[in-house]
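Please keep the sequence and the model in view while reading.

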Amino acid sequence: MLEITDLSIAINDRYLIKNLNLILNNGDKLAIIGEEGNGKSTLLKSILGICEYAEIKGNINLKGHRIGYLEQSMSIDNLTKSVYDFLFIDETDYYEKINNLYKYLKIINLNDDILKQKIKTLSGGEKVKISILKLLLNEYDILFLDEPTNDLDIETLEWLEKFINEENRPIMFVSHDETLLANTANMILHLEQIKKKTECRHTLLRIDYDTYVEQRLRRIEKQTQVARSEKREFDNQREKLQRVVQKVEHQQNTISRADPHGAQLLKKKMHSLKSQEKKLKETELTEIPDVEESISFFFEDIKMPKTKNIIHLNMAELKASDKVLAKDIKLDIIGNIHLCIIGKNGVGKSTLIKLIYNELVKRDDIKVGYMPQNYDDILNNYKNVLDFICPNGNKEEITRARMFLGNMKFTREEMIGDIKDLSNGTKAKLFLSKLVLDKCDVLILDEPTRNVSPLSNPIIRKVLKEYKGTIISVSHDRKYIEEVINVLYILTPNGLIKK
């Protein structure tokens, strides 16, 4: 249904993809994975013909099929519309769609009163649901989904997995949700930037995600072991040969002129040794695999007494503007617990932890760090990365920050460039870097793993699991909840329920 031949994509002379060949058929669920900035969203836009910032070469044959596209974030124009207008404006087959509307509203757990609301008033998860609803109402032949799980509640995530699995139409999707990847993908396209981001590489396999990750790690480990073993053997042979060469050279320098036969024998022996040396130099060794390096970070010297009072909440109402989201909010947090709040979209989870942050940031006895759901709420106040991460401009701090950002795989251009040019995944890593460099002992995290590569997320989860401070978070990442969290609450309209 979709055929791609020799597709190459470059931005500012840097290739993201070279010579990609791909055929997508009915039943294919192709997951595109890779680190931030490697071209996952750019690939989708290039196939759709809406990528204006990249140089694209190759053949893309849609064979007359229509592609439904779920963008990573809504355009500003759509945010000003009502949900109803977003779904139906300029639609020619309105009556057919309206008949299916209420069925799909029920499926994705939305009430029909949402149709009157402006999209800009919706929660992040509700915006994603509305975008999915628009796809469902149109009979597209192929579906492209760019981060479809962003901000979705767990109930809708499970529905989305079921939808992808039961759908016969080809689906190409970008996701950082490892559970979704493991449960749905039957093809993997891995985009990498290797050799210090100077070359691109892609791997395309008809394989499930867990098997791909397992085989990739096993291959890397095996190739590394073989390469190191061959290098040790090569070094031993070279050292042994060098010792013999030195011995023969010494003998040549000390042999008596009265022994021409012995000198001739030594000359022949040296010729043979030089031949062996040349042959050894031409030996082709297995190379240590050149893979995209993973991020590396950890929190230093964070300690939080188990009995320390962090916050005591007793709220009659949780409100956003004049709208009551939930009632009777009671929450006591002490010590170094790792807490997560889950709940349906629009119930007020982000509002609640932002309120908690605004309370805690006033205190002098704790250092609080905040990672919002919408990064630009904070980052729009800064021009470049170092302005944000080292606002004091201290040279020693800047040097330390540069080293840390390097470990988080920021390029030099990203370190000195404008924040507005960073991908969402890179912005997420910027916030994580800020939390570490500021030595925060209380972390307020709103969906901390949602924009980060599935290959980096295990490292983030490990660091947060080992973190000795307090974590207060919102997340729908099931692996994050399972591995990092030891206290879980559900936010409902009637308050917090401890699970």
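Helices (H or I, at least four residues) and strands (E, at least two) are DSSP runs, numbered from the N terminus. Helix H1 is followed by Gly-49, whose phi is positive, near 80°. This is a predicted model, in which local features need pLDDT of at least 70 and side-chain atom pairs count only at pLDDT 80 or more, while totals for chains, interfaces and linings use all residues. Residues are numbered from 1 along each chain as its sequence is written, and side-chain values use heavy atoms, with hydrogens and water left out.

Helix H1 itself spans residues 40-48, and because seven of its nine residues are buried, H1 is largely enclosed by the rest of the structure. Buried means under 20% relative accessible area, exposed over 50%, and partly exposed in between (1.4 Å probe, protein chains only). The buried residues of H1 are Lys-40, Ser-41, Thr-42, Leu-43, Leu-44, Ser-46 and Ile-47.

Attention now turns to a helix pair. Helix H8 (residues 209-254) packs with helix H9 (residues 260-281) at an angle of about 160°, and their axes are 10 Å apart. Axes are lines fitted to C-alpha atoms, for helices over the stretch in contact, and angles run from 0 to 180 degrees between N-to-C directions.

Charge pairing is the remaining topic. A search of the whole structure finds 27 salt bridges, each being a side-chain nitrogen of Lys or Arg within 4 Å of a carboxyl oxygen of Asp or Glu. Lys-427 counts as buried at 6% relative accessibility, whereas Asp-376, at 27%, counts as partly exposed.

Within helix H16 (residues 457-466), Glu-466 and Lys-462 lie four residues apart, about one turn of the helix. Their side chains meet in a salt bridge (2.9 Å, N to O). Glu-466 is partly exposed, with a relative accessible area of 46%. Salt bridges that share partners also join Lys-383, Asp-418, Lys-420 and Asp-421 into one network.
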